[in-house]
Structures are given as structure tokens and as C-alpha cells.
Amino acid sequence: MDIEKSDSFLITDCGSTTTKAILILKKEGSYRLIDRGEAPTTVEAPFDDVTVGVITAVTELQEITGRTLLDGNKIICPKRGPDEGVDLFLSTSSAGGGLQMCVAGVIKTMTAESAERAALGAGAIVIDVLAVDDGRKEYERIERIRHLRPDMFLLAGGTDGGTKTHLADLAATLLAADTKPRFGVGYQLPVIYAGNVDAREAVHDIIGAKMAVQDVANIRPRLEEENLGPAREAIHDVFLEHVMQQAPGYSKLMGWVSGEIMPTPMAVGRAVQTFADDEKANVLAVDIGGATTDIFSVFGDARTGEQVFNRTVSANYGMSYSICNVLKEAGIANVAKWVPFEIDEPHLRNMLRNKMIRPTTIPSSLSDLLIEQAISREALRLSLDHHKLLAVGLKGVQQQRSVSDAFAQTDSGGTLVNLMDLDWVIGSGGVLSHAPSRTQAAWMMLDGFQPQGVTHLAVDSIFMMPQIGILSELHPAAASEVFRRDCLIVLGSAVAAVGHAKKDGAPCLTLNLSTSDGRTISETVNYGQMRLIPLALGQTAQGTISPAKHFDIGSGPGRTREVKLRGGVVGLIIDCRGIPRRLPEADGTRRSKLNEWAEALGLPRVE
Amino acid sequence: MGTAYTPGLTVTSNTIVRKTRKLPIKGTVLVNVGDRVEPDSTVARADLPGDLDQIKVAHMLGANPAEVPGKMLFKLGDRVEQGQVIARTTYFFGWFKSEAKAPSTGTIEYISDVSGNVGVRLPPRPVELTAYVQGTVVEVIPDEGVVIETPAALVQGIFGIGGEREGRLHVMPEPDRTIEERDITKELAGRIIIGRRLITGAALRRAGQTGVVGVVVGGIVDKELVDLLGYEIGVAITGDEQVGVTLVLTEGFGEIEMAHKTFELLRSLEGRDGSINGATQIRAGVIRPEVIVPHPGSASDATVAVGGGELKIGSHIRVIREPNFGHLGTVTALPHELVLIETGAKVRVLRADLDSGEAVVVPRANVELL
């Protein structure tokens with residue numbers, strides 16, 4: 001069929017917790033989201049078949065929309081009539097534990113890091129990064145690989161024409177581990193070799209008989225060049241051929257869909273990249289799920305002048321399966337500090353554990369909701385810290401410096417994530433997309449990421465970025481239209497001051513703005529305060545913001561900045577709590593402050 | 001409204017339990033279809049590959065890596081003994097020589113002319129697979145393992161720690177009371193003890209020291225479990241804990257009572273031998289902890305029990321999130337429309353009459369079928 005002429009799309013995303021189905025139809029000349037259905041993912045007993053959850057979610061969608069999508073337990077595709085079936089059925093997936101990979105390179109901060117970026121960009125969970133200089137002994141690496149049992153291995157290292165010896169050593173390590181994939185006894189471990197082309201023969205000689213080695217172009221052919229595309233494509237192909245085939249019910253689902261099943265993170269990455277390209281903006285996006293939190297960023301690299309896409313997956317930071325790992329890494333005090341009411345530690349811990357063991361439950365009381373939102377702030381913070389470590393320029397590359405660069409003292413390989421240069425933050429995932437109030441989503445992102453200066457905030461309306469990403473592969477026009485009209489909910493701009501005053505109540509920011517609906521905003525917001533200024537979706541506010549002496553919003557400490565702010569479903573948020581964020585240490589004062597900020601944002605107090 | 005499925009755990013007095021027992025790598029199956037096996041019977045055996053010793057031959061000989069193959073005294077696949085010279089070079093008209101010796105006994109697995117290293121694979125290590133449950137072998141998976149079948153009572157828990165063990169079931173004398181340290185006596189060695197409510201961390205520690213095989217209770221306070229383990233459980237992948245005892249929680253963390261049905265079943269099994277495993281994995285490919293008590297005879301009327309299923313009016317449920325966490329009830333309505341709840345969210349709910357007599361509205365996501 002002619003895909004361009006398609007006017008009906010059913011797209012599912014099989015997450016580790018929930019399977020979401022959306023219906024997109026062309027109506028009166030434009031593509032629109034019609035509705036969504038969801039159901040628990042069914043890759044575990046007693047179902048052991050992902051398609052059960054898919055059919056349940058589609059059944060719900062069918063009942064809500066009134067369009068016939070199923071014939072018994074079969075999706076009607078291609079469509080049989082104007083209101084029966086769809087032109088395309090697509091699916092993304094992160095169920096089945098995702099794609100778990102080990103990567104290896106010669107130098108930890110160079111080829112190994114490039115290998116990690118290649119795997120992450122392909123939607124994998126990187127369970128370990130090995131390098132000749134990773135500080136571990138040979139036997140420790142071998143034991144580690146044996147223990148982890150990755151689905152796939154990416155072996156890289158050396159520039160073309162460079163070292164061969166180290167690659168032979170790494171291959172020998174892999175041989176020594178003699179690991180088997182998690183699924184399928186007798187199946188050879190897939191190894192993608194993306195290192196020095198001159199070492200291919202040596203690598204095949206060592207592991208070729210025992211592992212399924214596939215050669216692709218070197219990911220770092222020269223020191224100053226990173227070529228991740230071929231390795232990413234090879235990873236994706238093996239993911240489809242191997243991991244997907246093994247997960248319960250996936251071979252059936254693969255027979256139903258109109259294209260290939262795409263890993264969910266890869267699909268979200270496509271959506272984020274497309275948006276950053278269209279807006280010509282620096283973008284930070286998050287997908288906070290039950291088991292993992294993915295961060296995507298597109299930032300300009302000052303060295304090359306190019307926009308660089310990065311994705312990281314924090315495999316054990318999430319809101320259900322991994323909620324206790326957030327507790328473990330952040331510590332109970334860091335979680336409890338965001339809770340605006342008194343709660344004893346054992347009770348809080350039990351609540352989080354019970355969420356971990358029954359991951360599909362949802363908060364039904366306000367206090368329960370605020371506890372989940374407290375932990376989400378820490379999950380976001382930890383995941384961004386992780387992302388900053390990997391979203392870096394190429395290391396080991398000599399830079400030509402001007403006099404001003406020399407004063408700036410920047411090294412090669414510094415993080416690309418500069419929160420003062422950030423234009424957009426987009427939140428996705430249940431805790432953000434399904435927050436009962438969009439203001440709560442904005443607040444969680446402000447605390448978790450602490451964007452600096454002026455940043456536009458948005459959320460994925462119903463957590464449909466994966467579906468938009470996969471649709472953009474086949475029908476970019478429909479994907480783009482639905483993304484802007486139905487997926488991206490602009491919350492509004494936030495202005496956050498960097499710095500601190502000695503005490504609460506000191507002047508922090510003075511605003512002189514004119515709004516597109518003819519209002520004038522002239523006011524000063526003090527240190528320790530938050531202020532919500534109404535500015536509706538589609539409206540703008542232009543003018544100046546002048547920070548007090550110790551505060552910076554992007555023009556330098558105490559320097560006035562010309563701004564153009566966007567309205568949204570929340571409005572303008574003026575955040576004068578100071579960055580880096582410090583909460584009062586005394587419990588009573590801290591709770592009182594949290595409630596004061598909630599009230600300033602129009603949210604209920606809980607004391 | 002489409003079918004509403006809920007998760008659920010299997011608790012049944014009579015089912016056919018099938019356990020697939022597989023080696024980590026290919027090996028030899030030692031039993032045949034129809035054989036009766038006990039929990040400690042070895043059903044399959046395999047040899048795990050030995051470690052690989054990497055010998056820096058080029059370095060030891062002072063030779064270029066490319067010269068190493070020509071200096072070798074053995075070829076690929078040859079067995080070498082510890083201390084045996086495996087490569088030699090001579091120089092200065094043969095007056096001097098350098099040698100490389102095998103540091104251990106094994107088989108030559110690779111000779112690299114790139115790194116100049118030689119790999120010697122050490123002898124394999126045997127690994128044995130036990131039956132874990134008493135039963136009959138109903139299928140042999142060639143070179144991999146077996147499927148063992150037994151008519152049995154099965155109780156799946158929600159979370160556990162510790163691995164596979166077997167012992168005799170013993171209900172504590174005052175099952176409605178928290179199991180304290182003083183309750184763990186040496187007479188309980190070899191037993192799987194059952195309490196209806198909590199066990200303290202100190203009691204669990206004592207149980208491990210006293211030789212108690214397993215503990216099955218409604219809940220435990222998380223802080224006490226963490227103190228006992230000495231570390232936080234980040235993600236729920238358990239089974240390898242070294243605390244000397246296997247723990248199965250039927251309900252969860254905190255003050256929560258074991259469901260009546262579960263407790264009555266376990267009580268009816270007192271004095272019988274069973275297998276217990278605390279291994280839990282709450283992710284895709286979920287693994288729940290379990291207690292399996294095989295029936296002595298055949299159970300032709302047994303069926304394969306399936307937990308979870310479809311929510312209907314009249315379904316018996318348990319609330320699995322606060323408020324009313326742990327309470328039991330009966331579904332009275334499954335409204336189609338979304339309902340606004342206290343958090344401000346609109347969600348699908350059900351109405352239920354709790355056993356306490358209270359009528360409640362609960363998000364459907366927050367119940368499990370009994």
C-alpha cells in the first residue's frame with residue numbers, strides 16, 4: 001500500500017509495566033490523536049505472552065473510540081472499511097527486560113565511551129563497560145561477563161591502522177568468559193565488532209568459532225571522528241532477530257505489525273531529535289518509567305558547531321520496579337526532604353517496598369501521591385547526573401584555542417549539558433505525563449533537573465512519544481502533526497535564578513514584561529519564593545529580567561537579560577529558591593516552605 | 001468495558017506443579033522419563049569451562065608477537081602440564097635459549113600472532129543440578145535438563161530471599177503473634193516455620209543460625225530486613241542471599257496479615273515435607289517465591305492453577321495499596337467511566353464491600369484477585 005496515503009494508525013508501546021495503544025486518524029485534512037487505551041503488560045505468568053496485553057489495550061481503545069479495531073483476537077490491518085481497522089499497525093517495546101549489552105573498548109574514556117554511546121543510542125541497557133585501562137584485573141572482567149550474561153557484546157577499540165594487540169586481548173577476555181546469552185542454550189553470543197579494521201582477522205581467529213561475530217565500520221576510525229551509525233544499526237538488527245524473538249509472545253507480535261518493532265528508547269530519541277531540529281534548540285527530554293529512566297539531550301558542541309544527540313539509560317532508576325534503587329542511591333533523607341508532611345522512616349520505606357513488589361499500583365491518596373513525586377525528583381536528579389557524565393565531547397582530541405578559550409580553561413571531553421544554555425525540557429513517563437496537575441509535573445522537573453535561567457517546559461500529554469517516534473519513521477508528516485497538536489503540552493516558561501542570598505526575603509529578580517494580550521508585569525520576586533504568573537498557551541511575554549547582585553539568569557551575575565517567555569497550560573514560573581537547590585534543614589521549616597511553594601503554584605497544602 | 005485483568009499469586013491445595021530444571025550450559029542428563037526423584041537427587045551434570053590462563057609468550061621469549069606461532073612446541077588443542085615448556089627460542093648461535101612454561105595444566109585454546117599471547121584453558125569444573133522437588137520426571141530435555149512433575153499444594157509469595165531448600169512445615173504455636181527472637185528454638189531446626197503476621201529481623205537472624213530451613217509469614221518491616229542483610233535491596237532480584245534461611249513473604253512489607261485462605265492451606269499442610277525457594281524477580285520474566293508441598297499419591301483431579309484473571313462483580317479481592325492496604329473484599333461494581341479520586345487523577349475504579357463492612361471505591365490497579 002502507499003504509506004503516504006495512510007490515514008489510520010494503531011500504535012502500541014509495550015512497556016515493562018503497561019501496554020499503551022493509541023489511535024491516530026486523519027480528520028478534515030489533519031492527523032489527530034483520537035484516544036488511547038492501556039492494559040498491564042503480560043510478559044509474565046500466568047500469561048507469558050505480550051500480545052494478551054496488546055489485545056486488552058486495543059479492546060479498551062476500541063470501546064472508547066467506537067471504531068472496530070479487532071476481529072476476535074486479531075487486529076484488523078489493513079482496514080476493511082472507513083470505520084473498520086487501520087492502515088498501519090506499529091509497535092515499540094521495552095518489555096522483556098530490554099536489550100542488555102556489554103561494551104568494550106581499548107581506552108575507557110575514548111573508544112569504550114564511544115561504544116557505550118553507540119549502544120545507548122540503539123536503545124540498549126549497557127550493563128557494563130570494559131576497557132583495557134578500566135582498573136580491573138583480567139579475571140575480574142571475566143567473572144563479571146560470566147555473571148552478567150549479556151544479550152549482546154559490542155567490541156570496539158583502536159583507530160584504523162592503530163593498535164591490534166589490545167583488541168586481541170579483549171577478544172581473549174571474551175573467549176575466557178565463554179558466556180552464553182540469557183536466552184537460548186546453544187545459541188552463540190552475538191558480538192558486534194566495531195574496532196580497528198586491521199584487527200578484524202585477529203579477533204575472528206580468537207572468538208570466531210565460539211561466538212557469532214559481525215563486523216561493522218570502526219566507531220572511532222580516527223581520534224577526532226566518531227562514527228556510531230553502523231554499530232547502532234547492527235545492534236538494532238540483532239535486537240530484532242534475537243532478543244525480540246526470545247521474549248514471550250514477541251514472535252507473534254512481529255507477525256502482526258506493519259513494520260519492525262522498535263526499542264522504545266530509540267523511538268523516543270527519534271521524536272526528540274526531530275523536535276530539536278525543527279526548533280533549532282537545545283533540548284533535554286526524560287522518559288521516567290517503572291524500571292528505567294532514559295534521558296535524551298540535543299546540545300550544540302562548541303568544538304564542531306554541530307547539534308549532538310545523546311541518550312543515557314539509567315537502568316535501575318524508576319518509579320516501580322526500581323523505586324527502591326532510587327531510595328538506595330539517593331538515601332532516605334534525600335527522598336524524605338521533599339515530603340511536605342511528617343512521616344516516619346520505617347513507614348516510608350515499607351510504602352516504597354510495597355510499590356516495588358506490586359509495581360502496577362497507583363497512588364490513591366494525596367499523601368501517597370506526594371511521596372511518589374518526592375522520589376521522582378531524586379530519580380530525575382540521579383539520572384541527569386548520569387547523563388552529564390556521558391553526554392560529552394570527544395575526549396583526547398586536541399583543540400585549537402583562541403585567547404578567550406584559554407581563559408575559559410575548558411578541556412576536551414567536557415559535558416555538553418549546560419543547563420543555562422538549555423531551551424526546552426520535555427517530560428515523559430507515567431509520573432510526569434499522568435501527574436494529576438500539570439503544575440506538579442513542572443515542579444518535579446524544576447527540582448529534579450534544576451534548569452537555569454530561562455527554560456521552556458513541556459510534557460508528553462499521555463506518554464505517547466514512543467509511538468510518535470516510530471510513526472516518524474514511516475509517516476513523518478503525520479508524526480509531526482500529532483506531536484505538536486496532541487502530544488506536546490507546553491506548560492510555560494520557567495525563570496530560575498542561579499545563586500543564593502544570605503537570607504530569605506532579599507530581592508532576587510525584578511521583572512518588566514509586556515504580554516501579547518496587552519498586560520504589563522512589573523514586580524520583584526524575593527529569594528526563597530516561587531511565583532506563578534498566568535500566561536495562557538499561545539501567549540508570550542517579552543521584556544527584561546534584572547537579577548540582584550548575587551544572582552544570574554544567563555547574562556552573568558547581576559546583569560539584566562532580555563527575554564521572550566512562552567505561556568502554557570501552567571503559566572510563567574518564577575523560581576527564586578536559588579540554584580543549586582538548598583532546602584531548610586529543620587524539618588518544620590522545610591515542610592512549611594514546601595507547602596508555601598505549593599500554595600504559590602496553586603497546589604493544595606498537605607500538613 | 002474490556003476485560004480487566006489483575007495480577008495474582010497462585011495459592012492452591014491441589015495442582016500439578018511442573019518444574020523445569022536446566023543446566024546453565026549443555027551437559028548430561030542422569031535420569032529418565034518416569035524416574036521418581038527426591039529434592040536432593042542429582043538429575044543432570046555439566047562441566048563448566050575452566051578459566052583461561054593467558055600466557056605472555058612473546059614477552060617471555062623476548063620475541064615479536066608474529067614469531068610466537070613458530071616458536072611453539074605445541075599446537076592448538078594440545079594438552080600441556082603445569083611447568084611444561086610450551087615455547088622456546090634460541091639465540092646467539094644456539095648458545096642461549098628462552099622458554100615459556102605453562103603455569104597450569106590445561107589445553108591450548110589460542111595462539112595469537114597479534115598479541116603474542118597463548119591461552120591455556122584449565123580443566124572444567126563440574127556442576128550438579130538437583131531435582132529441588134519430589135516428583136516424577138516427565139520430560140528429558142536432551143543435554144539440558146528435565147521437567148519434574150508432582151501433584152502438590154502450591155503457595156506463591158510476593159517477595160522472598162534465600163535459595164532452594166527443603167524441610168517439614170511447622171505452624172508456630174501462636175501464629176497470630178509476631179515471631180520474635182525468643183520464639184526460635186533449636187527444635188525448629190530443619191523446619192519451614194509459618195506465622196500469620198510479622199517476623200522480626202532478630203528472629204530471622206536467629207532462625208538462620210539455628211538451622212531453620214524456611215520462614216513463611218505475612219510481612220516484615222523493611223528496615224529490619226535491610227539491617228539483617230547489611231545492604232539495601234535496590235531492585236527485586238533475590239535468591240542468592242547468604243542468611244542461612246529462606247524467607248517467603250505472602251503479603252509484603254509492614255504490618256500485614258497473611259490472607260486467610262493462604263494461612264489455612266499452610267496450616268493444613270503442617271507436618272508434611274515441602275520445598276521452599278525465596279528467589280524473586282519482579283521484572284519481565286517474573287519469578288515469585290514459593291512453597292511446594294507434594295502430595296503422596298496421584299491427584300488425577302488436580303488442575304494447573306492460574307493466579308490472576310478477570311475482575312467481575314462478585315470477585316474476591318485484596319486491596320494492595322494504602323489506604324486499606326491488605327483488606328479483603330468483594331467487588332460490587334465495575335463502573336465504565338473514569339472517576340476522580342483524592343489525588344486529582346481520573347482513573348478506572350471498582351466499588352467493593354470490604355470484609356470489615358465498609359464500602360469503598362478503589363482504583364482497579366490497586367487490587368488483586370484472590
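Let's start with Gly300(A): leaving out residues up to four places away in sequence, this glycine touches Asn282(A), Glu306(A), Gln307(A) and Leu416(A). Contact here means heavy atoms within 4.5 Å. Gly300(A) sits in strand β14 of chain A, residues 293–300. Helices (H or I, at least four residues) and strands (E, at least two) are DSSP runs, numbered from the N terminus. Is Gly300(A) buried, exposed or partly exposed? With a relative accessible area of 36%, Gly300(A) is partly exposed. For the cut-offs, buried means under 20% relative accessible area, exposed means over 50%, and partly exposed is in between, with a 1.4 Å probe and protein chains only. The C-alpha atoms of Gly300(A) and Ala281(A) are 8.6 Å apart, and these two residues are 19 residues apart along the chain.

Before we go on, a word on the ground rules. This is a predicted model, where local features need pLDDT of at least 70 and side-chain atom pairs count only at pLDDT 80 or more, while totals for chains, interfaces and linings use all residues. Residues are numbered from 1 along each chain as its sequence is written, chains are lettered from A and ligands numbered from 1 in the order in which they are written, and side-chain values use heavy atoms, with hydrogens and water left out.

Now let's step back to chain A as a whole. Its secondary structure comes to 18 helices and 24 strands. The radius of gyration of chain A is 25 Å, close to the 25 Å from the globule rule for 607 residues, so chain A is as compact as a globular protein of that length. That radius is taken over C-alpha atoms, and the rule is 2.2 Å times the number of residues to the power 0.38. The C-alpha trace of chain A spans about 75 × 65 × 50 Å along its principal axes. Of the 607 residues of chain A, 60% count as buried. Among contacts in chain A with a separation of 6 or more, 68% come from residues 24 or more positions apart.

Next, the aromatic rings. How many aromatic pairs does the structure hold over all chains? There are six. Rings of Phe, Tyr and Trp (its six-membered ring) pair if their centres lie within 6.5 Å; planes under 30 degrees apart count as stacked, over 60 as edge-to-face and the rest as tilted. One of the pairs is Phe275(A) with Trp424(A), which is edge-to-face, at 5.3 Å centre to centre and 85° between the planes. Phe275(A) lies in helix α8 (residues 264–279) of chain A and Trp424(A) in strand β16 (residues 424–428) of chain A, so the pair ties together parts that are 149 residues apart in sequence. Both Phe275(A) and Trp424(A) are buried. The rings of Tyr527(A) and Phe551(A) have centres 5.8 Å apart and planes at 40°, so this pair is tilted. Tyr527(A) and Phe551(A) are buried as well. Back to Phe275(A) and Trp424(A) for a moment: together with Phe483(A), they form one aromatic cluster.

Rings can also have a charge over them. The test is that NZ of Lys or CZ of Arg is within 6 Å of the ring centre and within 35 degrees of the ring normal. Arg377(A) lies over the face of Trp443(A), at 4.9 Å from the ring centre. Arg353(A) lies over the face of Phe253(B), at 5.9 Å from the ring centre.

Let's move to helix α3 of chain A, residues 138–148. Its buried residues are Arg141(A), Ile142(A), Ile145(A), Arg146(A) and Leu148(A). What covers them? The cover includes β7 (99–105) and α4 (165–177) of chain A, together with β11 (118–121) and β12 (125–130) of chain B. Just after α3(A), Arg149(A) takes a positive phi of about 45°.

That brings us to β11(B). Val118(B) and Val120(B) point one way from this strand, Gly119(B) and Arg121(B) point the other way, and all are buried. Strand β6 (residues 52–55) of chain B pairs with β11(B) in the antiparallel sense over four bridges. Two strands pair if DSSP finds at least two bridges between them. β10(B) and β11(B) form a hairpin with six residues between them, and Gly116(B) in the turn has a positive phi of about 80°.
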